[in-house]
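Thanks for passing this one along. Please have the coordinates open while you read; my notes follow as numbered points.

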Amino acid sequence: MTLKIGVIGTGAIGREHIKRITQTLAGGKIVAVTDVNQESAKQALEQFNLDATVYPDDKSLVAADNVDAVFVTSWGPAHEASVLEAIAAGKYVFCEKPLA
């Protein structure tokens, strides 16, 4: 089984997690990304050669049927809303510090 992961926030920390999922760990696949800077999200696809969708915002990424788990790696003040949205959608959640 492959866990399909969406990443909210594709800055430095987000890219470290993407790198780890794609190059070190087994059993996970990045299928969705988003960032307030859409160019950053698109660049992450190119950098890691991802077959993933760039979503316009965290809500649409969380709502995607093909996303099983959400990594929240955006800036700290945005964490709470994304985490609560993902929990309400029944997704597994990993949140970078701070939690909220």
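**Notes on the model**

1. Let me begin at the end of the chain: K97 sits in the segment after β5. At 71% relative accessibility, K97 counts as exposed. Its C-alpha lies 7.1 Å from that of G76, although 21 residues separate K97 and G76 in sequence. For exposure I use these cut-offs: buried is under 20% relative accessible area, exposed is over 50%, and partly exposed is in between, with a 1.4 Å probe and protein chains only. Helices (H or I, at least four residues) and strands (E, at least two) are DSSP runs, numbered from the N terminus.

2. A word on provenance before going further. This is a predicted model, in which local features need pLDDT of at least 70 and side-chain atom pairs count only at pLDDT 80 or more, while totals for chains, interfaces and linings use all residues. Residues are numbered from 1 along each chain as its sequence is written, and side-chain values use heavy atoms, with hydrogens and water left out.

3. Now the sheet. Five strands make an open sheet with parallel pairing, in the order β3-β2-β1-β4-β5. The edges are held by β3 (53-54) and β5, each with a single partner strand, so one side of each has no neighbour in the sheet. Two strands count as paired if DSSP finds at least two bridges between them. As a reminder, strands of a sheet pair through backbone hydrogen bonds, either parallel or antiparallel.

4. Strands β1 and β2 run parallel and are joined by six bridges, with I5 bridged to I30 in β2. Four bridges join β1 to β4, also parallel, and here I5 stands opposite A69 in β4. Further along, β4 and β5 run parallel with four bridges; A69 stands opposite Y92 in β5, and V72 stands opposite C95 in β5.

5. How well are these strands covered? In β4, both faces are: A69 and F71 on one side, and V70 and V72 on the other, are all buried. Strand β2 (residues 28-34) is mostly covered, with five of its seven residues buried.

6. Helix α2 (residues 38-47) has buried residues S40, A41, A44 and L45. These cover an arc of only 145° around the axis, which puts them on the same side of α2. The arc is that of the directions from the helix axis to the C-beta atoms. Packed against the buried residues of α2 are α1 (12-23), β2 and β3, where contact means heavy atoms within 4.5 Å.

7. Together with L84 and V93, I87 forms a nonpolar surface patch of about 260 Å² accessible area. Patch members have over 30% relative accessible area and no salt bridge; like charges are joined within 9 Å, and nonpolar side chains (Val, Leu, Ile, Met, Phe, Trp, Tyr) within 5 Å. Accessible areas come from the Shrake-Rupley method with a 1.4 Å probe, and for residues only the protein chains shown count as cover.

8. Finally, the charges. How many salt bridges does the structure hold? There are two, taking a salt bridge as a side-chain nitrogen of Lys or Arg within 4 Å of a carboxyl oxygen of Asp or Glu. K42 pairs with E39, the closest N and O atoms being 3.8 Å apart; both lie in α2, three residues apart, about one turn of the helix. K42 is partly exposed at 38% relative accessible area, and E39 is partly exposed at 45%.

9. The other salt bridge is K59 with E85, the closest N and O atoms being 3.5 Å apart. This pair links distant parts of the chain, K59 in α3 and E85 in α4, 26 residues apart. K59 is partly exposed at 49% relative accessible area, as is E85 at 31%.
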